Amino acid sequence: MSRLRRLLTCEIIAVYLNRGGVMAGQVAGSHFWVGPGTERSLTPSLPSSLVFLAGVWVGFAPYVLHYSSAVTVTGSDVLVALIVSVLALARTIVPRDWPLFSVANAVLGCWLLLTPFTLGTLFGVTDPRRAVVDDVVVGALLLALGGLSAYLTYRQRSVTRTARER
């Protein structure tokens with residue numbers, strides 16, 4: 001039993017290090033976040049995975065930071081969290097497809113930046129600074145990372161397109 005486990009562990013490590021075979025959707029010779037089509041630079045999957053984590057945080061932040069008494073802000077944050085998480089997860093799994101999902105995440109980041117000032121976060125929250133800072137910081141992250149993911153996708157597509165034309 002121990003020898004079999006050791007053998008399987010060695011095989012998994014070898015596949016993970018791209019010495020052969022395919023693991024979890026990876027093409028041999030490329031990593032999930034660094035692709036050969038972009039001269040070994042970042043692929044859109046890394047920013048999208050960080051957007052996913054930010055989306056999960058936005059959903060739990062009203063309850064963790066205790067500003068869930070403002071129903072309007074909490075509902076907005078949870079709705080944004082659900083949409084951002086689903087779109088970012090799709091972009092993480094298939095990083096070369098659907099760059100508009102990243103653009104949508106960037107737009108939702110803009111919405112999150114404006115939420116404290118448009119939905120009246122200052123009313124109904126005992127400590128409005130938490131809600132304002134959280135929404136502004138996470139909104140800026142979503143805007144930057146969503147835009148970066150879309151930019152990387154379009155750059156990767158142009159590199160691939162020019163390589164095919166040659």
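Which residues in H2 meet which residues in H3? The close-ups below take this up, using a predicted model.

**View 1. Helix H2 against helix H3.** From H2, the residues in this contact are Ser45, Ser48, Ser49, Val51, Phe52, Gly55, Val56, Val58, Gly59, Pro62 and Tyr63, and they meet Thr74, Asp77, Val78, Ala81, Val84, Ser85, Ala88, Leu89, Arg91 and Thr92 in H3. Sort the residues of this contact by type and you get 11 nonpolar, eight polar and two charged. The two axes come within 8 Å and cross at roughly 160°; angles over 145 degrees count as roughly antiparallel, so that's what H2 and H3 are to each other. The crossing is left-handed.

**View 2. Zooming in on Ala81.** Leaving aside residues up to four places away in sequence, Ala81 touches Gly55, Val58 and Gly59.

**View 3. Helix H2 against helix H5.** Here H2 (residues 45-64) and H5 (residues 128-165) have axes that come within 9 Å and cross at roughly 155°, so this pair is roughly antiparallel too. The crossing is left-handed. H2 brings Pro47, Ser48, Leu50, Val51, Ala54, Trp57, Val58 and Ala61, while H5 brings Asp134, Val138, Leu142, Leu145, Gly146, Leu148, Ser149 and Leu152.

**View 4. The largest nonpolar core.** Twelve residues make it up: Val51, Ala54, Val58, Val80, Ala81, Val84, Ala88, Leu108, Leu112, Val138, Leu142 and Leu145.

Conventions
Residues are numbered from 1 along each chain as its sequence is written. This is a predicted model: local features need pLDDT of at least 70, side-chain atom pairs count only at pLDDT 80 or more; totals for chains, interfaces and linings use all residues. Side-chain values use heavy atoms; hydrogens and water are left out. Axes are lines fitted to C-alpha atoms, for helices over the stretch in contact, and angles run from 0 to 180 degrees between N-to-C directions. Helices (H or I, at least four residues) and strands (E, at least two) are DSSP runs, numbered from the N terminus. Angles under 35 degrees count as roughly parallel, over 145 as roughly antiparallel, 65 to 115 as roughly perpendicular and the rest as oblique. A crossing is left-handed if the near helix is turned anticlockwise from the far one by less than a right angle, and right-handed if clockwise. Contact means heavy atoms within 4.5 Å. A nonpolar core is a set of buried Ala, Val, Leu, Ile, Met, Phe, Trp, Tyr and Cys residues joined through side-chain atoms within 4.5 Å. Buried means under 20% relative accessible area, exposed over 50%, partly exposed in between (1.4 Å probe, protein chains only). Ala, Val, Leu, Ile, Met, Phe, Trp, Tyr, Cys and Pro count as nonpolar, Asp, Glu, Lys and Arg as charged, and the others, Gly among them, as polar.
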